Amino acid sequence: MKKVLAAVFAISMASSAMAAGNLSVDFGSVWYKVSYTNGVSDHLQGQGQSFAVLWVLDNDLGLGAYSESGRWVYSGSNYDDWDVRAIQVTKGIVKNVNIGMNFGDMYDTYSGDDGMVTDIFGSVVILGGSGDKVSGQLKTNVGARFIVNDSDYNMSGITVSLSVGLLF
């Protein structure tokens with residue numbers, strides 16, 4: 001995670017346009033279901049937490065760091081954990097609707113290995129409000145996750161999340 005944050009800070013300092021942006025912090029709950037687990041009939045689905053820090057520019061482009069951690073439950077009582085660390089890029093397409101991508105690394109204890117993860121998602125603001133210095137919003141994300149880890153396990157699936165965000 002330190003390397004991801006260092007990369008985001010380096011990119012933000014390199015661009016003079018980043019200085020004109022706003023800081024956004026999101027935290028929420030994520031539900032993740034793996035589509036296919038290589039014929040072992042374990043139906044991996046679980047819940048986790050997410051956290052994102054974004055610099056939002058005037059043109060509705062956001063760049064930041066994303067982390068996610070959760071636990072799958074399968075076969076009645078078995079469980080395994082996953083962790084995602086990524087760089088997040090978002091773009092507003094219409095008012096209160098964004099599309100985005102996460103590029104990073106995912107480790108899971110199911111396979112005991114990690115791999116490069118790519119998330120493609122859309123988000124919709126359900127409820128929003130603003131004060132003098134801070135704006136807040138409740139939003140939902142729906143996305144597709146693509147990953148084949150170093151052990152050749154295909155952990156691709158779908159994600160749905162509900163998050164609270166603050167824009168400073």
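Visitor: Let us begin with a single side chain. Is Tyr110 buried or exposed?

Guide: Please keep in mind that this is a predicted model. A residue counts as buried when its relative accessible area is under 20%. Tyr110 has a relative accessible area of 16%, so Tyr110 is buried.

Visitor: With which residue does Tyr110 form an aromatic pair?

Guide: An aromatic pair is read from the distance between ring centres and the angle between ring planes. Tyr110 pairs with Tyr74 in an edge-to-face arrangement, 5.4 Å centre to centre and with 85° between the planes. Tyr74 belongs to strand S3, whereas Tyr110 lies in the loop between S5 and S6; the pair therefore ties together parts that are 36 residues apart in sequence. Tyr74 counts as buried too, at 12% relative accessibility.

Visitor: How many aromatic pairs are there?

Guide: The count comes to five aromatic pairs. One of them joins Tyr32 and Trp72; it is tilted, with 5.6 Å from centre to centre and 45° between the planes. This pair links distant parts of the chain, since Tyr32 is in strand S1 (residues 22-34) and Trp72 is in strand S3 (residues 61-74), 40 residues apart. Both Tyr32 and Trp72 are buried. Ring pairs also gather Tyr32, Trp72 and Trp82 into a cluster.

Visitor: Which charged end sits over the ring of Tyr32?

Guide: Here one looks for a charged group placed above the face of a ring. The charged end of Arg145 sits over the ring of Tyr32, 4.6 Å from the ring centre.

Visitor: How many residues does the largest nonpolar core have?

Guide: A nonpolar core is read as a set of buried residues joined through their side chains. The largest such core has 16 residues, and those with the most contacts inside it are Tyr32, Leu44, Trp72, Val84, Met106 and Met155. Strands S1, S3 and S4 each contribute at least two residues to this core.

Visitor: How many bridges join S1 to strand S2?

Guide: S1 and S2 (residues 45-56) run antiparallel and are joined by 12 bridges. Among the partners, Ser29 is bridged to Gln49 in S2.

Visitor: What can be said of the hairpin of S5 and S6?

Guide: Strand S5 (residues 97-108) and strand S6 (residues 113-130) are antiparallel, with 12 bridges between them. Asp108 stands opposite Asp113 in S6. Four residues lie between the strands of this hairpin, in which Gly112 takes a positive phi near 75°.

Visitor: Which residue stands opposite Val125 in S7?

Guide: That residue is Lys139. S6 is joined to strand S7 (residues 135-147) by 13 bridges, and the two run antiparallel. S6 and S7 also form a hairpin, with four residues between them.

Visitor: Finally, is Thr90 buried or exposed?

Guide: Thr90, found in strand S4 (residues 78-94), is buried because its relative accessible area is 11%. Leaving aside neighbours within four places in sequence, Thr90 is in contact with Leu54, Asp60, Leu61, Gly62, Ile99, Gly100 and Phe121.

Methods: Residues numbered from 1 in each chain as written. Predicted model: local features only at pLDDT ≥ 70, side-chain atom pairs only at ≥ 80, totals over all residues. Heavy atoms only, no water. Pairing = 2+ DSSP bridges. Buried < 20%, exposed > 50% of the residue type's maximum accessible area, 1.4 Å probe, protein only. Contact = heavy atoms within 4.5 Å. Phe/Tyr/Trp six-rings, centres within 6.5 Å; stacked < 30°, edge-to-face > 60°. Lys NZ or Arg CZ within 6 Å of the ring centre and 35° of its normal. Core = buried A, V, L, I, M, F, W, Y, C linked by side-chain atoms within 4.5 Å.
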